[in-house]
Amino acid sequence: MSDFRIALRPALGSATGPASRGVSLTAMPEGHVVQVLGRRPHAPDLSGVLEKAAGPAHRAVHAAGPGQWFIVGDAPLSRDEFAALSAALQPHATAVDQSHGRIRIRVEGTMVERMLAKGTAVDLDPGAFPVGTSAMTLLGHVSVHLTRIEIAVFEIMVLRGFAESLWEDLVRMSAEFA
Amino acid sequence: MTSYRLAKGGLVDRGAPLAFSFDGKPMQGFEGDTLASALLANGQMLVGRSFKYHRPRGILTAGASEPNALVTIGRRGRTEPNTRATVQELYEGLEARSQNRWPSLDFDVGALNGLLSPFLGAGFYYKTFMWPAPLWEKLYEPFIRRAAGLGKATHEADPDSYEKSWAHCDLLVVGAGPAGLAAALTAGRAGARVILVDEGSMPGGSLLFDTAMIDGKTASDFADGAGAELQSMPNVRLMTRTTVFGWYDGNVFGAVERVQKHVRDPASHLPVERLWRIVAKQALLATGAEERPLVFGGNDRPGVMTASAMRAYLNRYGVAPGKATAIFTSNDSGYLLARDLEAAGVEVTAVVDSRPTAALSYRGRARLIANAVVSRTKGSKSVSAIEVLRDGRSETIAVDALAIAGGFSPIIHLACLRGSKPFWSEEKAAFLAPQDLKGLRIAGAAAATAGIAACMQEGSAQTMAILCELGFSCRPATLPNVEAEEESRPAKPLWSIPGIKGKAFVDFQNDVHLKDIGLAVREGYGHVELAKRYTTSGMATDQGKLSNVNAIGLLAEARGVSPAEVGTTTFRPFYTPVSFGALTGAHSGFHFQPVRKSPLHDWAAKNGAIFVETGLWYRSAWFPRGGEKTWRESVDREVVNVRQNVGLCDVSTLGKIEIFGADAAEFLNRIYCNAFLKLPVGKARYGLMLREDGFIYDDGTTSRLGEEHFFMTTTTAYAAGVMNHLEFCAQALWPELDVRLASATDQWAQMAIAGPKARLVLEKIVDDDISSAAFPFLAAKEVSLCGGKLHARLFRISFSGELAYELAVPAGYAESVADILMDAGAEYGLQPYGTEALGVLRIEKGHVTHSEINGTVIPDDLGFGKLVSATKADFIGKAMLEREGLKASDRLRLVGVRPLDPTASFKTGSHILEKNAAPTLENDQGYITSSAFSPHVGCTIGLALVKRGPERLGEEVVVWNGLKSEYTPAILCDPTFVDPTNERLHV
Amino acid sequence: MASLISCPHCGVRPKEEFAIKGAVLSRPAPDAGHQAWTEYVYLRDNPRGIHREYWHHTSGCRRWLVVTRDTASHEVELCLDAAAAKLAGVRP
């Protein structure tokens with residue numbers, strides 16, 4: 001039965017949020033999220049392997065605890081691309097496709113640190129949390145993976161099932177800056 | 001006469017009048033007023049009735065320590081009882097009501113308590129109402145509570161929103177008075193991250209009512225300028241209207257910011273209060289000091305006020321206390337007030353100084369009476385005269401206001417919240433906090449330093465020391481030049497005053513007076529902690545801010561020891577009351593906890609699902625169709641359809657864990673009590689996980705997708721717990737194993753397709769051969785769908801007992817695939833079914849869930865005895881499973897139950913009794929763990945844990961519902977009501 | 001209101017991000033006998049002073065940690081990764 005059409009339903013397809021200079025929220029494209037599990041949590045430096053596996057631009061590598069990373073990008077990953085990425089990581093690490101299990105939200109603006117401080121105890125001052133830093137933390141009542149993309153831009157990654165709930169929280173936390 | 005507003009002076013804006021009301025009476029204040037200053041400006045000296053004796057009370061202080069002027073403000077859901085008028089900023093339309101009076105503030109029936117006062121001393125309630133005990137709850141307590149009280153909370157919901165936030169800094173400065181401002185400027189200019197917090201609406205603290213000149217400016221202008229400079233520094237955050245209420249582990253400070261408590265109509269995009277947790281590398285306490293009252297007869301009468309409060313009302317708010325004011329002082333503070341009052345044109349009738357000589361620097365017109373005391377005040381609802389005692393002679397002087405100055409107590413509350421005890425300094429006549437606290441230093445009046453210049457000097461010096469510790473390069477700050485400052489010497493404390501008459505209050509809010517303290521000592525409660533509880537001194541909502549030190553001094557005198565020997569009671573958070581709203585933050589009502597949605601949520605919703613909350617998840621419980629009047633009709637139809645045709649159920653909420661590594665099989669072999677080492681690739685197996693004590697923890701199926709790759713499912717409820725448990729085993733117990741875990745619960749949407757026609761439906765979309773030969777029971781593998789458009793995981797496992805599959809697809813495609821299945825299955829009668837039908841189906845098949853796995857059962861209790869590996873060297877729970885009690889023959893074990901009369905039924909939780917046995921504990925045979933109406937059997941059926949259950953099949957018993965006294969004759973049977981030989985699984 | 005734990009991987013975090021399992025004990029050998037297992041499963045000291053516990057950074061790096069803290073002062077003295085500590089031969 002190849003006449004059935006299989007369509008993606010984005011987790012935050014109907015979400016609307018603030019878009020002001022203070023804070024703006026954007027649901028990022030459901031491209032790909034690959035969880036990388038190092039063979040040993042305290043393995044030797046894998047940055048070279050990761051960089052090679054992540055390949056060309058449009059993909060970023062975010063640290064996610066000892067021996068673990070997320071490789072993320074805005075475009076979906078084909079089966080072959082995933083297999084290639086997976087192979088490139090062997091034997092140092094295993095790739096797990098989490099493209100559907102994790103949802104990414106971009107938060108940015110002049111007041112973004114103040115807004116996020118309502119949820120996380122991580123000190124987001126650029127001196128303490130420079131561009132490129134990632135943290136797994138509790139944002140309100142929901143566990144997230146937080147990365148500073150630019151000085152006033154953060155990417156939040158959350159379990160798909162919590163995405164709507166987190167989005168609502170973020171909208172409320174942003175209300176005073178919107 | 002009464003208090004009144006002066007024509008000029010103060011920081012209030014006379015061009016911005018604000019209308020407000022007190023007990024319904026319209027009044028007017030100005031922008032910049034507190035409710036207290038506005039009430040005084042309107043001549044309202046009587047503002048409340050006291051807690052126990054219902055005595056008339058006025059405004060005693062100008063700050064957070066106020067014990068008397070507690071009022072209720074706002075209306076409906078915004079009603080706020082026990083608001084301190086001294087800190088509440090005035091706003092247009094504010095409605096304030098007095099408390100603890102009936103029928104009115106002026107005429108209060110409760111004041112009769114005052115006549116009974118000889119009988120109402122400390123311990124009175126305990127002694128008098130001891131007997132008969134039952135009357136306490138019914139009579140005494142309700143009566144006492146009605147008579148003795150604070151304001152009443154509203155029953156209406158609070159319409160406002162609250163939130164919490166974290167903040168981080170190098171230096172937190174608590175208090176923006178002279179010491180705090182100097183500290184913040186020093187640290188801010190050095191580039192440190194500074195947070196300066198003050199409870200007032202603007203920085204300045206005591207500078208806002210001081211007459212000194214700083215760098216040629218008035219003190220308040222200096223504070224304003226300092227605030228502006230701090231505001232302009234990007235590394236400094238100045239937080240006003242914010243009270244730091246606690247000091248916690250890790251140098252975290254709790255603070256509450258009153259974002260919109262000074263406005264009539266709070267804006268909806270802002271919270272009314274915000275709770276801050278401030279992580280500070282170092283903190284400086286610059287909280288100032290509290291002026292102590294003096295303890296003499298009628299010291300609580302309206303018109304009596306601390307000298308520094310009177311100075312604040314005069315200099316900051318432009319309010320005079322009366323036409324003829326007396327000052328009773330034990331130190332130099334009273335003279336500063338005398339000078340300021342006279343400068344403002346308010347007559348000072350007398351300064352009564354308890355010291356042998358009056359302050360020599362005073363040049364005013366007031367009569368100085370040294371070596372004298374005020375023994376009592378006279379008047380009804382406000383002061384009309386004082387009685388002065390000198391050399392044993394008494395003299396009455398007519399006055400309409402009295403300032404009292406008993407010395408200063410440093411505000412060290414925060415410094416004592418982490419176990420440190422304050423110590424008594426004879427030199428400073430005050431309790432001081434230790435200076436060797438980790439992460440916290442103290443400066444200014446909070447360290448008993450007197451004078452603006454000295455406080456600034458100390459604030460700056462302490463900050464320099466902190467900055468050096470934090471590694472900032474520090475240069476000595478240039479301190480402003482302070483002029484026209486009066487010097488003041490430390491006070492010699494004046495505890496008990498000779499010759500006093502009438503009630504002399506120690507704790508104003510709890511109506512504890514001098515004689516109560518004496519009584520406590522005489523009756524053996526002289527220890528400071530016992531005296532506190534016996535007299536209730538210091539136990540009111542003001543936590544004894546004004547009274548504790550006086551109570552300790554009086555205890556010391558009564559016991560003939562030094563205050564050092566008496567010591568203080570334990571300081572506890574919060575410094576001032578914090579609203580429940582602020583403590584709750586944003587997480588209330590619907591937002592109390594997050595919602596977790598299945599990727600098939602919207603699919604279920606469009607198919608008409610009724611949802612049920614399961615933990616954080618919303619699961620589809622049943623799918624009503626037209627004409628169905630009860631949930632049972634829908635559930636019965638769904639069950640029958642699965643048994644006859646085919647059903648589709650969302651099981652995405654099951655926990656899913658990917659397990660990788662060379663030792664993954666060995667790891668699972670240790671995690672489960674049954675064998676997993678030799679599970680072939682492409683196969684699923686039921687797994688039983690024990691706790692280390694031998695009892696069952698969780699169950700689920702685990703499939704081997706590759707030599708070094710397994711896919712585990714857990715129950716919905718224990719998904720998070722199992723993941724934590726696996727991580728513990730992998731990391732803490734056996735880190736030498738090569739095993740890697742990833743939670744994949746949200747990556748995969750999972751659907752159960754169950755029923756005799758399940759394969760027919762799946763064959764329409766699965767590209768692979770899924771015939772029984774190619775894909776037998778317990779097969780598990782990756783398949784492609786719809787001509788390779790999508791890859792999925794297919795498992796041939798069954799919870800219902802029918803031919804069944806679970807299909808896992810990437811979550812974003814879940815709805816699309818479910819739609820396709822519904823289309824493909826239409827011709828076979830495919831219908832969605834929910835968790836209710838899922839439950840009925842599994843009970844009919846005798847499958848267990850956490851209703852049976854309830855923490856009291858071991859594998860053998862559920863008929864899984866043979867599953868437990870006898871050959872494995874080790875697995876979690878193995879050792880403890882060998883215990884004698886877990887092998888006892890009369891353990892409760894799984895069995896089926898059905899009523900003898902098919903029209904009868906029973907409820908889960910009912911107990912099993914032998915026929916004709918009385919319902920007693922010793923006759924208890926077990927209990928029903930799950931029950932449902934079974935369309936297949938045609939009556940209610942149940943699973944039960946019963947003593948020696950499997951040996952008693954066919955025995956007639958009684959199911960007893962103790963809550964309803966129902967006895968249902970029933971029969972014990974095999975728990976597998978459907979297809980006991982498992983033929984349907986293998987078709 | 002707050003307690004901070006310094007996770008060796010994530011830095012300073014509040015206790016809300018963690019789950020506490022309890023005392024750090026050595027899991028006995030399978031044949032260690034009833035007494036050893038009863039002590040491991042059921043018997044716990046309740047020390048005043050230094051205490052070593054397993055904490056899980058549940059809402060962070062998801063690593064199990066060995067936290068050494070003072071139950072009287074709440075001071076956290078040491079915080080190690082449990083797996084790294086065990087592999088390095090640090091006695092539980």
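This is a predicted model: local features need pLDDT of at least 70, side-chain atom pairs count only at pLDDT 80 or more; totals for chains, interfaces and linings use all residues.

**Entry 1: where chain C meets chain B**

I found 27 residues of chain C in contact with 34 residues of chain B. I then looked up the buried area and got about 2,600 Å² between chain C and chain B, with 61% of it on carbon and sulfur atoms.

For one pair I wrote down the distance: B:Lys438 forms a salt bridge with C:Glu75, and their closest N and O atoms are 3.1 Å apart. I also have 15 residue pairs in polar contact between chain C and chain B, both residues at pLDDT 80 or more.

Then I asked which elements of chain C give two or more residues to the side that touches chain B. My list reads helix H1 (34-41), strand S4 (50-56) and helix H2 (82-87) of chain C. H1(C) has the largest share of that side, with five residues. Sorted by class, the side of chain C that touches chain B has 14 nonpolar, six polar and seven charged residues.

**Entry 2: one leucine in chain B**

I located B:Leu207 in the loop between strand S10 (194-197) and strand S11 (213-214) of chain B. Is B:Leu207 buried or exposed? B:Leu207 counts as buried because its relative accessibility is 0%, and the cut-off for buried is under 20%.

I wanted to know what B:Leu207 touches, leaving out residues up to four places away in sequence. I got B:Pro178, B:Leu181, B:Ile214, B:Ala219, B:Ser220, B:Phe222 and B:Ala223, and also B:Ile452 and B:Met456. I checked B:Glu92 against B:Leu207 too: they are 115 residues apart in sequence and 26 Å apart in space, C-alpha to C-alpha.

**Entry 3: the two domains of chain A**

I moved on to chain A and its domain assignment. Domain 1 of chain A takes in 24-28 + 101-177, and domain 2 takes in 32-97. I noted 22 Å between the centres of these two domains of chain A, taken over C-alpha atoms. Ten residues from domain 1 of chain A and ten from domain 2 take part in their contact. The two domains of chain A bury about 740 Å² between them, 61% of it on carbon and sulfur atoms.

How many salt bridges did I count between domain 1 and domain 2 of chain A? The count is one. I also looked up A:Asp74 and A:Arg104, whose side chains meet in a salt bridge at 2.7 Å, N to O. Three residue pairs are in polar contact between the two domains of chain A, both residues at pLDDT 80 or more.

On the domain 1 side of this contact, strands S6 (102-108), S7 (134-139), S8 (142-150) and S9 (153-159) of chain A each supply at least two residues. S8(A) gives the most to that side, with three residues. By class, I have four nonpolar, three polar and three charged residues on the side of domain 1 of chain A that touches domain 2.

**Entry 4: where chain A meets chain B**

My last stop was the contact of chain A with chain B. I counted 47 residues from chain A and 52 from chain B in it. Chain A and chain B bury about 4,300 Å² between them, 52% of it on carbon and sulfur atoms. In chain A, the residues that lose the most area to chain B are A:Phe4, A:Ile6 and A:Arg9, together 16% of what that side buries.

I found nine salt bridges across the interface of chain A and chain B. I also noted the salt bridge of B:Glu163 with A:Lys118, where the closest N and O atoms are 3.0 Å apart. For polar contact I have 28 residue pairs between chain A and chain B, both residues at pLDDT 80 or more.

Note on methods: Residues are numbered from 1 along each chain as its sequence is written. Chains are lettered from A and ligands numbered from 1 in the order in which they are written. Side-chain values use heavy atoms; hydrogens and water are left out. Contact means heavy atoms within 4.5 Å. Buried area is the accessible area (1.4 Å probe) that two parts lose on being put together, summed over both. A salt bridge is a side-chain nitrogen of Lys or Arg within 4 Å of a carboxyl oxygen of Asp or Glu. A polar contact is a pair of N or O atoms within 3.5 Å; within protein, one must be able to donate a hydrogen and the other to accept it, and residues adjacent in sequence count only if both atoms are side-chain atoms. Helices (H or I, at least four residues) and strands (E, at least two) are DSSP runs, numbered from the N terminus. Ala, Val, Leu, Ile, Met, Phe, Trp, Tyr, Cys and Pro count as nonpolar, Asp, Glu, Lys and Arg as charged, and the others, Gly among them, as polar. Buried means under 20% relative accessible area, exposed over 50%, partly exposed in between (1.4 Å probe, protein chains only). Domain bounds come from an automatic or database domain assignment.
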